[in-house]
Amino acid sequence: MSAAESAVETIQREMTIFARRARASAGRMHPELSLVSYTLLGHLEESGGCRATDLAAHYALDKSTVSRQVAALERIGLIERRLDPEDHRVQVLHLTEAGEEILAQVTRSRRTAFRERLTHWPEADLVRFAAYLERYNAGTGGIEPDRPAPDRATPGRLTSD
């Protein structure tokens, strides 16, 4: 196995561990708020509201999955539907005041957890790690034209010691 193949295997394994940890921690931060629910609430906050079909398309989720999540979030009073002012046939999902409060609370808890876990990382490692995650999540495989490449001159291992 080449070094690149081995690295990809390691990345896959570590990303799986990361995802499992994120799902588990979401439930501990708010018992009724799954990681998917938290993510949907975050998108609604960032976008200022959107349709359920927009959520499904953005996250590449099945419409029925989003529909169930939306129904659950409505049931517990974290989101509400409003008529689109430009097209009264369309309903737009928005956070309720309770949704905004829960999202802010969970976001604070998650930030605290990340800060604690990364507290001993050198700043240069944090900057590179952030850039690598953005690059990975952009899905382009390359460097964004307006984003500088992570410093490859010092490719050191990211550690938490």
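These are my notebook entries on a predicted model of one protein chain.

**Ground rules.** I number residues from 1 along each chain as its sequence is written, and I leave hydrogens and water out, since side-chain values use heavy atoms.

**Overall fold.** I looked up the secondary structure and found six helices and two strands, taken as DSSP runs numbered from the N terminus (helices H or I, at least four residues; strands E, at least two). Along the sequence the elements run α-α-α-α-β-β-α-α. Of the 161 residues, 25% count as buried, where buried means under 20% relative accessible area, exposed over 50% and partly exposed in between, with a 1.4 Å probe and protein chains only. For contacts (heavy atoms within 4.5 Å), I noted that 44% of those between residues at least 6 apart in sequence join residues at least 24 apart.

**Surface.** The accessible surface comes to about 11,100 Å², and carbon and sulfur atoms hold 53% of that area; the method is Shrake-Rupley with a 1.4 Å probe, and for residues only the protein chains shown count as cover. I then went through the patches, which are made of residues with over 30% relative accessible area and no salt bridge, joining like charges within 9 Å and nonpolar side chains (Val, Leu, Ile, Met, Phe, Trp, Tyr) within 5 Å. A salt bridge here is a side-chain nitrogen of Lys or Arg within 4 Å of a carboxyl oxygen of Asp or Glu.

**Nonpolar patch.** Ile11, Met15 and Tyr136 form this patch, with about 300 Å² of accessible area together. Tyr136 lies in helix α6, residues 123-138, and counts as exposed because its relative accessibility is 53%.

**Negative patch.** Glu45, Glu46, Glu97, Glu100 and Glu101 make up this one, with Asp and Glu counted as negative, Lys and Arg as positive, and His and the chain ends not counted; the charge of Glu is placed at CD. Helices α2 (35-47) and α5 (97-118) each supply at least two of the residues, and α5 gives the largest share, three. Glu100, in helix α5, is partly exposed at a relative accessible area of 44%.

**Ser37.** Leaving aside residues up to four places away in sequence, Ser37 touches Gln69 and Leu73. The C-alpha atoms of Ser37 and Val70 are separated by 8.1 Å, although these residues are 33 residues apart along the chain.

Terms used: This is a predicted model: local features need pLDDT of at least 70, side-chain atom pairs count only at pLDDT 80 or more; totals for chains, interfaces and linings use all residues.
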